[in-house]
Amino acid sequence: TTIDCSTASAAVLSSKDLTISGFTVRNSIGRGIVVNGAFLKASELFVRNTAETGIEINNGMLVLAESEVRDTVVGSGVVIINSDAVIVSTTFRGCEGADGGGIFAKGSTVIGADVSFVGTSATNSGGAGWFEDTRFVLKDSLVSNSSASSQGGAFYFYGKRVSILHNVTISTSSAALGGAIYTDHDLTLRD
């Protein structure tokens with residue numbers, strides 16, 4: 001199934017649980033998929049060429065697997081607010097946001113494995129990801145060619161939660177402060 005749209009709000013907007021598989025959203029002048037206060041389970045989801053956020057989850061839960069989010073222009077690949085998220089075997093490619101090119105998360109818990117961030121960027125901080133008061137655990141993943149104008153070429157961490165990067169490769173990332181990582185909260189790096 002493909003949705004090729006030019007809506008100003010969102011291609012898919014739901015306040016009920018939503019399961020998506022083998023689905024493409026493209027060419028939205030707004031956001032791709034927005035879920036408020038509900039559960040989004042997505043596999044083999046492809047979100048491309050959205051003018052704003054690819055996927056946004058508010059006060060809910062996201063499970064994203066074997067998917068690709070690419071070429072978002074303004075609002076990050078995935079926005080996670082006051083929610084729990086599990087992201088597995090997913091690629092963020094060419095996503096851009098003011099903060100957090102690939103992922104923007106606030107007041108959340110985000111667990112990821114086998115995630116790739118390729119060519120993601122932020123006009124402010126966190127080229128691949130921006131995390132405020134968020135527990136972020138990432139394992140067996142890759143960040144390549146990410147950048148931020150200000151802080152954290154790959155990742156920006158702020159707030160009171162602990163984050164863990166385990167077997168994460170960061171290559172060719174840049175920022176004015178913290179070319180790879182900028183943090184002001186507890187961070188554990190493991191091989």
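Select Phe-136 to begin: its relative accessibility is 1%, under the 20% limit, so Phe-136 counts as buried. Bear in mind that the model on screen is a predicted one.

The structure holds eleven aromatic pairs, and Phe-136 with Phe-155 is one of them: the ring centres are 5.7 Å apart and the planes stand at 50°, which makes the pair tilted. This pair links distant parts of the chain, since Phe-136 belongs to strand 16 (residues 135-144) and Phe-155 to strand 18 (residues 155-158), 19 residues apart.

Now widen the selection to Phe-92, Phe-117, Phe-131 and Phe-157. Together with Phe-136 and Phe-155, these residues make up one aromatic cluster.

From Phe-92, move to Ser-116. Apart from neighbours within four places in sequence, Ser-116 is in contact with Thr-90, Thr-91, Phe-92 and Leu-142. Ser-116 is part of strand 13 (residues 109-118). Is Ser-116 buried or exposed? Its relative accessible area is 18%, under the 20% limit, so Ser-116 is buried.

For the last stop, colour strands 11, 14 and 17. They form an open sheet in the order 11-14-17, with parallel pairing. Strand 11 (96-99) and strand 17 (147-148) are the edge strands, each pairing on one side only. How many bridges join strand 11 to strand 14? There are three, and strand 14 covers residues 121-125. To see a bridge, select Gly-97, whose partner in strand 14 is Ala-122.

Technical notes
Residues numbered from 1 in each chain as written. Predicted model: local features only at pLDDT ≥ 70, side-chain atom pairs only at ≥ 80, totals over all residues. Heavy atoms only, no water. Phe/Tyr/Trp six-rings, centres within 6.5 Å; stacked < 30°, edge-to-face > 60°. Helix = DSSP H or I, 4+ residues; strand = E, 2+ residues; numbered from the N terminus. Buried < 20%, exposed > 50% of the residue type's maximum accessible area, 1.4 Å probe, protein only. Contact = heavy atoms within 4.5 Å. Pairing = 2+ DSSP bridges.
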